[in-house]
Amino acid sequence: MWIYLNDRFVDRKEALISVFDHGFLYGDGVYETLRTYGGRCFMLPQHLARLQRSARLIGLTMPISEQEWPALLREAVERNGLTEAHLRITLSRGEGELGLDPALCPKPTLVIMTRPIAQYQAHLFEEGVPLTLAVTRRNLATALPPQIKSLNFLNNILAKREAGQARTFDSLMLNAEGLLTECTTSNFFFVSGGGLYTPSVDCGILDGITREVIMTLARGNGMPVEEGRYPAESLAHAEEAFLTNTSMEIMPVRSLDQALIGAGRPGPVTRRLRELFRSNLARFLA
Ligand code: PLP
């Protein structure tokens, strides 16, 4: 497996970083995950813009120019003989002496990893996944803005552990005000009274790129979407719910804390959006 490390492709065994890297020591860094379909990146400009935003918000300069990214990512995929790939770009503060001051690190560390895209079992898409309502609340946006897709993932990892302990697929998280936010690596939508709803960005969520695509497709096909601030009780009468992210696309939700959502299987809105996603995919590939 070839991994891009700082300025060249190296074999996996040589892809090593220092124990002094502040990404390792303090979670000081940002990342982005992307995927390809037939070798073409999904929503590439949007992912690169989000990486750029994350880096800017922590005061990191991107070591690769905007123009260089497409060829570099293509090479990362092709060298590994992949066409349906998952890519992860990690940009850390780099190596420096112990201490929080970013000035201790003169040069960021850049890593690009690829692997075949995760194949979710077909029955999950057919039956929907069970969720846990996590006790762990989503980070306060004023403490760690979710617009920074940072290496500090412990908040979500704690919620993921809760899901594991409850033997569910993932956790749905509330914010400090008790409002719905998102799952540990995906955005959340629900259908109620025939309308489509999703928590707004000001609830403290990552503005997912798949979420944006789904809202564009829904609105363009006569399905209005409301972004807002919804308490967990809003789900009591929900007919459908689903998750979105780059690797799952749209994943139906079956239950929350063992209570079925609607009929407990993918409903017409979820199914229609999945069809629209698939039939419009080419529009979103670079
Ligand atoms: N929310 C969180 C916390 C995430 O980590 C992710 C993806 O990594 C998402 C939502 C979905 O984002 P996207 O659709 O851009 O993959």
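## Contacts and overall fold

A contact here means heavy atoms within 4.5 Å. Of the contacts in the protein chain with a separation of 6 or more, 70% join residues 24 or more positions apart.

This is a predicted model, where local features need pLDDT of at least 70, side-chain atom pairs count only at pLDDT 80 or more, and totals for chains, interfaces and linings use all residues. Residues are numbered from 1 along each chain as its sequence is written, and side-chain values use heavy atoms, leaving out hydrogens and water.

The C-alpha atoms fill a box of roughly 55 × 40 × 30 Å along the principal axes. Buried residues (under 20% relative accessible area; exposed is over 50%, partly exposed in between; 1.4 Å probe, protein chains only) make up 52% of the 286 residues.

## Salt bridges

Let's turn to the charges. Counting a side-chain nitrogen of Lys or Arg within 4 Å of a carboxyl oxygen of Asp or Glu as a salt bridge, the total is 14.

Lys160 pairs with Asp170, their closest N and O atoms 3.8 Å apart. Lys160 sits in helix H5 and Asp170 in strand E8, so the bridge ties together parts 10 residues apart in sequence. Lys160 is partly exposed at 39% relative accessibility, while Asp170 is buried at 2%.

Glu227 bridges to Arg211, with closest N and O atoms 2.8 Å apart. This pair links strand E12 to helix H6, 16 residues apart. Glu227 is partly exposed at 35%, and Arg211 is buried at 1%.

## A network

Arg35, Glu249 and Arg278 are joined in a network of salt bridges.

Notes. Helix = DSSP H or I, 4+ residues; strand = E, 2+ residues; numbered from the N terminus.
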